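Good morning, everyone. Let me put the structure up, and then I will walk you through it.

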Amino acid sequence: MDLSPREVVPTAQGRKRKRPWLAMSVLGLVLVGGGVMVVMFLNNAVDYYCNVDEVGVKDGCDVGRNIRIQGVVQEGSVEQTAAEYSFVIAYNGKEMPISVGSQPSGIFQECIPVVVRGQAVDEGDGVVFLGDEVIVKHDNEYDAENADRLEQSNAEAAACSQKG
Amino acid sequence: MTPTPTPSPGRTTDARPTGTRFTRVLGAAVLLGLAWLVLFGLFLSPNDEKQKAGVRILYIHVPTAWLAYLAFIVTGIASAAYLFKRTRSLTWDRIAGASAEIGVLFMGITLVTGSLWGRISWGIFWTWDSRLTTTAFLFVTYIGYLAVRNLGGTHQQRARRSAIIALLAVLEVPLVHFSVKWWRPLHQQESVAEGKLSGLMLFSLFVGLIAFTLLYVWLLLHRQRVLAMEDALDDQGLDVALAERRAEGAQV
């Protein structure tokens, strides 16, 4: 058996040794990051996600409790004053007036589904939802912007009050 | 005493390129595909009625998400192939590692484009919605997987421990995919499967899918070859160390 040293290529030592401390640090950050994500998700889920017709009916969707409410913005209901921005959302034939501090961003418009985070408050003459945050919830349908579709679009807008 | 040859970092005597005729043709196809994606995504496809030009993010966001799923599934399959005795080979481990790296890159692009899209359409960059949270969790899981691959040890030790993690991590992929059905998310439901996308919009998405698939294959081929070279370099370094010890022993 030939035990003589093999001929060595004089370049092979150039590679740096791996740094396990770097990998361990990343792993630590990943574990912390994963934990934070789970906590944030659960915190978010604490506020029940309710449809308009479930407010005051379904467990967890009580008036006076922080919830997220989903519905479609009704045509002609959007009003803006110096103090507030208000509109009405509907779902399954039930309506809920919404009041928020400022104009929602994104593609907020009439006849679009939104999710509002806040609290339903009974003001004596009816329940109003005081929103802290409005998020537009666009559906999964995509339609090309086209002048030919204007009539159809107008018809859909007119019918949006019955949607939801 | 014979002087030890001075190593020259970065040089190898076995300096093979990672490209072949096939990967060069594939690379050209990737460039062509991406050029088509720019043409259709930015110029030929129409605006959406509600989202206007913001819809164009779809042509990057969705293909990179799908390709990230595919990359993580390939990592899972290659890891299973490594653990299976009959097919055990470090090549499977390197394919798994390379695919995971590309998957993390694509998933990162998905998260960034999704966040920008969210700001345009929802009005916010981020919310702890089920789809967004599970996607971010999948992303950090595979960063963890890549960190585990770099913890040290022999190639076989690396391959075994990372294969086990990959088989567990791939279970998150269906969790992410079905999160829009299992919870009430802000994120929209599926569009393509439900036929809610058509015409040039659907075609542009298809172009994006083809372009990113070709890019994935091209990156995978190159990256797993680079990983093979890195392993060979590690082995060669070990050979040098052994040869030095033998030389020292011979002089005593």
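One definition before we start. A residue counts as buried when its relative accessible area is under 20%. A:Asp47 has a relative accessible area of 15%, so A:Asp47 is buried. Please keep in mind that this is a predicted model.

Let's stay with A:Asp47. Where does it sit? A:Asp47 is in the loop between helix 1 and strand 1 of chain A. What does it touch, beyond its neighbours within four places in sequence? A:Asp47 is in contact with A:Asn66, A:Ile67, A:Arg68 and A:Arg117.

The side chains of A:Asp47 and A:Arg117 are joined by a polar contact of 2.6 Å. The pair is also a salt bridge, with the closest N and O atoms 2.6 Å apart. A:Arg117 lies in strand 6, residues 113-122, while A:Asp47 is in its loop, so the pair ties together parts of chain A that are 70 residues apart in sequence. Both partners are buried.

Now step back to chain A as a whole. Chain A has two helices and seven strands. From the N terminus, the order is α-β-β-β-β-β-β-β-α. Chain A has 164 residues, and 36% of them count as buried. Next, the contacts in chain A with a separation of 6 or more. Of these, 46% are between residues 24 or more positions apart. Chain A exposes about 9600 Å², and carbon and sulfur atoms supply 52% of that.

On to the interface. How many residues does each chain bring to the contact? Chain A brings 51 residues and chain B brings 61. Together the two chains bury about 5100 Å² between them. Carbon and sulfur atoms account for 59% of that buried area.

There is polar detail here too. Across the interface there are 15 residue pairs in polar contact, with both residues at pLDDT 80 or more. Which elements of chain A supply at least two residues each to the side that touches chain B? They are helix 1 (20-46), strand 1 (48-51) and strand 7 (127-136). Helix 1 of chain A gives the most, with 12 residues.

The interface of chain A and chain B also holds two salt bridges. In one, B:Lys196 pairs with A:Glu141, with the closest N and O atoms 3.9 Å apart. In another, B:Lys52 pairs with A:Glu145, and there the closest N and O atoms are 2.8 Å apart. That pair crosses from the loop between helix 1 and helix 2 (58-83) of chain B to the loop between strand 7 and helix 2 (150-158) of chain A. How open are these two residues? B:Lys52 is partly exposed, with a relative accessible area of 40%. A:Glu145 is partly exposed as well, at 37%.

Over all chains, the count comes to 11 salt bridges. Chain B has some inside itself. B:Arg245 pairs with B:Glu244, with the closest N and O atoms 3.8 Å apart. There is also a network of salt bridges that links B:Asp93, B:Arg94, B:Arg149, B:Arg158 and B:Asp231.

The next one is B:Val176. B:Val176 lies in helix 6, residues 172-182. Buried or exposed? B:Val176 is buried, with a relative accessible area of 1%. Not counting residues up to four places away in sequence, B:Val176 touches B:Tyr69, B:Arg131, B:Thr134, B:Thr135 and B:Leu138. B:Phe137 is 39 residues away along the chain, and its C-alpha atom is 9.1 Å from that of B:Val176.

Last stop, the surface of chain B. A nonpolar patch there has about 1100 Å² of accessible area in total. Among its residues are B:Leu32, B:Trp36, B:Phe43, B:Leu200 and B:Ile210. Helix 1 (21-44) and helix 7 (199-251) of chain B each supply at least two residues of the patch. Which helix gives the most? Helix 1 of chain B does, with seven residues.

Look at B:Phe43 in particular. B:Phe43 is in helix 1 of chain B. Its relative accessible area is 62%, so B:Phe43 is exposed.

Conventions
Residues numbered from 1 in each chain as written. Chains lettered and ligands numbered in written order. Heavy atoms only, no water. Patch = residues over 30% accessible without salt bridge, like charges linked within 9 Å, V, L, I, M, F, W, Y side chains within 5 Å. Areas by Shrake-Rupley, 256 points an atom, 1.4 Å probe, with all protein chains shown as cover. Salt bridge = Lys/Arg side-chain N within 4 Å of Asp/Glu carboxyl O. Helix = DSSP H or I, 4+ residues; strand = E, 2+ residues; numbered from the N terminus. Buried < 20%, exposed > 50% of the residue type's maximum accessible area, 1.4 Å probe, protein only. Contact = heavy atoms within 4.5 Å. Buried area = accessible area lost by both parts, 1.4 Å probe. Polar contact = N/O pair within 3.5 Å; in protein donor to acceptor, adjacent residues only side chain to side chain.
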